[in-house]
Amino acid sequence: MSEPSSYHRPVERLLHRLERSGLMGRLQLSDQDIADTIWLALQMGVVKTQKAEEIETEEKQAEPSPQKLPIDHKKNDKKHDDPSKEESPIHLYPQDSLPKESKSQTSTQGLPFQVPAAAALQNKLPISRALRPLMRKVPSPIRKIIDAEATVTRIAEQDIWLPLTQPEPERWLNLELVVEESRSSFIWTETIDELQKLLQNHGAFRTVRAWTLSTTVSDPLQLTRRIEGGQKSHCQHSYKELISSNGRGLILLVSDCVSSIWQQEKIYQWLQQWSDRVTTAIVQLLPERLWQSSELGLGDKLPFSAFKPGVPNSSLVLPSLWSELKGKQVLKMPVVTLEDFSIENWAKVVAGRGNTRTPGFVFDLEFVAEQIKKSPAVKLQEPSPEELVDRFLATASPTAKRLAGLMAAAPVDLRVVHLIQKTLLPQPSSLVPVAEVFLSGTIQRVDYPRSDRNPQYEFLPEVRKLLNQATRLGETEKVLDIVSSYIAEKLGLSITSFTALLLKLQDLTTAQQEQILPFARVAVEVLQNLGGEYATFAQRVAGNSELEFIGFPPRQIFNIEVATIEVASESDTFEFTVATIEINASLLSSSNSPVELVDEKVFAQRGEHLNDLEQQLIQGVLANRTYAQIAATSRNSVEHLPENVATNLSKYLQNNVAPNLWQHLSAAFGEKVTKTKAKKLIKQWVAHRHITIHRHRQQAEYFIEYLGNIGNFGNLGNGVELEMVAIPAGSFLMGSPKDELERSDRESPQHRVTIQPFFLGRYPVTQAQWQAVASLPQQKRELNPNPSRFKGANRPVENVSWYDAIEFCARLSHATGKSYRLPSEAEWEYAARGGTTTPFHFGETITSELANYNANYTYGAGVKGVYRGETTPVGSFGVANAFGLSEIHGNVWEWCLDPWHGNYQGAPSDGRVWDEKIQNDIYLNIVKNLDILLESSERRVICGGSWYDYPIGCRCAYRLYDHPDYASSNLGFRVACGVPGT
């Protein structure tokens, strides 16, 4: 064999280097991926690079010393040595809608230096992988290539030496990326720029065009071409230009859906026109927990699916139970976030994979029009600063609340925010809390003489003062010190505190003072707001400095009462996976054979049916036959095969047919299939195929109790955390409806109960948590530090009585100062349902894929599964309900506070403990009333089922009881904690 041609050697070297570096496996590169990469590299050409010595020399020459920094902002015509470092203007609003400059105000522009922020789009590689379902190719309608195989065949058979052509394969979709310009655009500009670059360079799309959607006083909606950096061209375009005539278009509208654009009918008309013709979706910049707070709340949130690729939104499939929209003019709009799992699910729906669903909203356009017409007529009184701050603190996420308090200690500037995030916040890369603050109504845009290029913002009057007073002094001092330190470092000063920087103002050069002044003005205002010694120091700074502190009041002494709101630094949001079970009744009643069902699944995956030999092979595997036995029964299927193959059919099946078949089945089932595994996998799939498990991500608020910080544990409490999830207020129907399968009268009558907000453990109490708290000082009752039958630090503690659980809560409450307790029965069922009304929060049935119970038995349309016969570590299944609670169904029964009642006749409707003998207040302060509770002998309610129980006992409404001194290996608990003031 001849040596490979020189043409292929560079490709071989590239492949060899990719293999050696590990990139081939890590990036999961296919042959097509590598070919596309080489093609893209050829299109980009060769870039001449400088030698390292030249670069180093140039950098040294270009690097200015701290004393030579350009600080004269008044010279607007000054030329920059390095144009690449010049900030691009961010046009939030068209020029004709900008407010007039106010010369009476003094600039509070933030830092005079750029603060490096974290990468705006940190999950680029996962997003790229998530887009792979869109990387299909279709025949080009105009471009042709030579069909070598057909040409050769015609030459051989007909001796006609003319080339035959075929359509050239090309990328499937043409992407139109529409970016909404609004008052929050400047927050997302870098993120959107990186997203635009990713989509343009990804290779999934034939073409990518970027557009800007904006509004002006004269034109409520205008569409222009987008330029990188958030700028836009001046030429307007018709929205109809985005509609593809060949059905291969894709429109993505990037927005947070909170601007005035969404309060006019025109945007919904445009969206309807787009979505009726091409696939359209909204890329929502805010997380799913905030969607209902945006204008998306005008619609109904529902999941979409599709069975054909590239269908317009009007052809998307809704859940069969949704019949209210029939006969109405509706707009179906999928909504995705910039998380890879969200994009992947959406991409699969666009690709027509019917077993995948993506969330979105359905808008009744008649209802939307009515709401829009009503909104201008509603004139609300302007809220006071106190009302604005109270509303923000009541609705914002814990991170946003903390960020607002930190921002109030410095100039309102994105560069300052970047510095605060980088140094003081646990998740510096997230822009969502920044958006929450800027969109809260507590910040206004202001225009100063030097704000031609970048819009400037400031807190509304009195808001900064209220936030200063609601933030811990230590936090405010940290911000002042960090910003001071950063400015001093850039100016070449050895200063690490704000007090030193402010006192040194009069000793600095005029140029240095010019740079520090914006920060100094805000710092002095903040110190004045804090009062006391801080105000005295502020007066001293203003008095000693010759700089002008406009608006600084004369010193006065006040006796004031300050209410301080502290947000625990560990409070935050967390992400989790919600799983729901969908039952397809038509598949449940199908009479097709297993081989026919497998054939249908393979056809849906590769577009080709199984041939006769492959079907015979599957039939034989299901009957436990050998290859020789399968060959003996397949003689009728080999007439078309060559004689030498037919006579050695057993070997042909084993070496040729089987490997290809296992490969096809592996692709169809999503896991590796071999002859030994095929039977079990096919039988499981046939039994489970009517059940589809849908997963999606959500967020919830929580706080963490660090048990290592509440007692002298030595090494015992180190790293042990108790996660407490915020359960929102609401009402629900407690008990089970009369038509629920296998219900009992103990769950009747159904009655509506209103629940106040509280916190509940994310998981049942674990053995590590139990041991940490059991080592705390005894309150009234001794606790066995290791009572469980099934040992494991992360397994739920079991074999504990109600009395033990009460003592546990008392010790934890005494050590932390919080009111820990067990949940009431009403609180437990409300939290367990997570807003659902089905027997399980998963849906109408349960599966051992999602919970630990006796899966030798089934419920409803469920199937048998794995009976584990013991507890499992908490979090093993990786799923939760919509509130963020895991292990609700099965694993261990959970104690509640309530004494047992045989049914719900006379039950309270406010969620309190139902006890005629002991008042509810007693249960809310366990430490104070521990004697009373430990003396009670009433039977107590248990809920949730366990590893040992049938699925019927794991339902949300199922309830049992045990004596308070009873302990068992399937009985545990999770703790609740009240919200102050409720």
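Good morning. In helix 13, the buried residues are R415, V416, V417, H418, L419, I420, Q421 and L424. Here buried means under 20% relative accessible area, exposed means over 50%, and partly exposed lies in between, with a 1.4 Å probe and protein chains only. Helix 13 spans residues 414-424 and is mostly covered, with eight of its eleven residues buried.

Before I continue, a word on the source: residues are numbered from 1 along each chain as its sequence is written, and side-chain values use heavy atoms, with hydrogens and water left out. The model is predicted: local features need pLDDT of at least 70, side-chain atom pairs count only at pLDDT 80 or more, and totals for chains, interfaces and linings use all residues. Helices (H or I, at least four residues) and strands (E, at least two) are DSSP runs, numbered from the N terminus.

What covers the buried residues of helix 13? The cover includes helix 12 (398-407), helix 14 (432-438) and helix 16 (473-490); contact, throughout this talk, means heavy atoms within 4.5 Å.

Helix 27 (residues 767-774) is also mostly covered, with seven of its eight residues buried. These are Q767, A768, Q769, W770, A772, V773 and A774. They pack against strand 16 and helix 28.

Six strands form an open sheet in the order 14-15-16-19-25-20, and the pairing is antiparallel. The edge strands are strand 14 and strand 20, each of which pairs on one side only. Two strands pair if DSSP finds at least two bridges between them. Helix 29 (residues 825-833) packs on the sheet and touches strand 16, strand 19 (758-761) and strand 20; the direction of helix 29 makes about 75° with that of strand 19. Axes are lines fitted to C-alpha atoms, for helices over the stretch in contact, and angles run from 0 to 180 degrees between N-to-C directions.

Strand 14 (residues 572-583) and strand 15 (residues 691-706) pair over twelve bridges in the antiparallel sense. Within strand 15, A700 stands opposite F574. Strand 15 also pairs with strand 16 (residues 721-727), again antiparallel, over five bridges. On that side, Y702 stands opposite V725, and Y706 stands opposite E721.

Let me turn to single residues. S819 lies in the loop between helix 28 (802-816) and strand 20 (820-821). S819 is partly exposed, with a relative accessible area of 41%. Not counting residues up to four places away in sequence, S819 touches S813, L924, A976, C977 and G978.

D915 is in the loop between strand 21 (893-899) and helix 30 (920-924). The side chain of D915 does reach the backbone nitrogen of K917 at 2.9 Å. Beyond four places in sequence, D915 touches P899, Y923 and R940.

Finally, Q236 is found in strand 6 (residues 231-237) and is partly exposed, at 44% relative accessible area. Thank you.

How values were computed:
A polar contact is a pair of N or O atoms within 3.5 Å; within protein, one must be able to donate a hydrogen and the other to accept it, and residues adjacent in sequence count only if both atoms are side-chain atoms.
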